[in-house]
Amino acid sequence: MSTITITVDGRPSRWMRPGQDPRGFRYTDPKAEEGKRAIAWEAKKAYGLRRPALGPVVLRVVAVFAIPPSWPPKVQAAAREARVMHDQDPDIDQLIKQAMDALKGIAFLD
């Protein structure tokens, strides 16, 4: 089994389902699409010419968020010590879904 690690700079963004306006036109959230493209680009660079996995894969997502400057100093200190965790949008489900969508066809076949 081989391991490939990719790092995507920037603020983690939420994955959103494509929407539909009242006229029936479908659209994709630009920030979500940008995040997906960034993950796919880094994966393509890391994978090179390798083929997508045909069997089971393990996906590990680590998202790092900046500590909000609006938090009180005591809470900021607790966050630096990992005693306070990110509990706002985007949540882990959204981040994993975005990563899986971006890696489909690159790291694994659906």
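**Reading Q98 and its surroundings**

User: Leaving aside neighbours within four places in sequence, which residues is Q98 in contact with?

Analyst: With those neighbours set aside, Q98 is in contact with S13, R14, W15, A32, G35, K36 and I39. Contact means heavy atoms within 4.5 Å. This is a predicted model, in which local features need pLDDT of at least 70 and side-chain atom pairs count only at pLDDT 80 or more, while totals for chains, interfaces and linings use all residues. Residues are numbered from 1 along each chain as its sequence is written, and side-chain values use heavy atoms, with hydrogens and water left out.

User: Is Q98 buried or exposed?

Analyst: Buried means under 20% relative accessible area, exposed means over 50%, and partly exposed lies in between, using a 1.4 Å probe and protein chains only. Q98 has a relative accessible area of 4%, so it is buried.

User: Where does Q98 lie, and which other residues of α3 are buried?

Analyst: Helices (H or I, at least four residues) and strands (E, at least two) are DSSP runs, numbered from the N terminus. Q98 belongs to helix α3, residues 92-103. An α-helix has 3.6 residues a turn, so residues three or four places apart point the same way. Besides Q98, the buried residues of α3 are Q94, L95, A99, D101, A102 and L103. The buried residues of α3 pack against α1, residues 30-47.

User: What span does α3 have?

Analyst: The expected span of a helix is 1.5 Å times one less than its number of residues. α3 has twelve residues and runs 16 Å from first to last C-alpha, close to the expected 16 Å.

User: How should I read the aspartates, starting with D101: buried or exposed?

Analyst: D101 sits in helix α3 and has 16% relative accessibility, so it counts as buried. Apart from neighbours within four places in sequence, D101 is in contact with W15 and K36; W15 and K36 are also among the contacts of Q98. D93, placed in helix α3, is exposed at a relative accessible area of 56%. D29 lies in the loop between β2 (26-27) and α1, and is partly exposed at 23% relative accessibility. The C-alpha atoms of D29 and R14, 15 residues apart along the chain, are 9.5 Å from each other.

User: Which backbone details lie in the loop between α2 and α3?

Analyst: Most residues other than glycine have a negative phi, and most peptide bonds are trans. A82, in the loop between α2 and α3, has a positive phi of about 60° although it is not a glycine. P90 is in the loop between α2 (73-80) and α3, and the peptide bond from D89 to P90 is cis, with omega near 5°.

User: What pattern does the protein chain follow along the sequence?

Analyst: The pattern is β-β-α-α-α. The radius of gyration is taken over C-alpha atoms, and the globule rule is 2.2 Å times the number of residues to the power 0.38. The protein chain has a radius of gyration of 17 Å, well over the 13 Å that the rule gives for 110 residues, so it is more spread out than a compact globule. The C-alpha trace spans about 50 × 50 × 20 Å along its principal axes. Buried residues make up 25% of the 110 residues. Among contacts between residues at least 6 apart in sequence, 70% join residues at least 24 apart.
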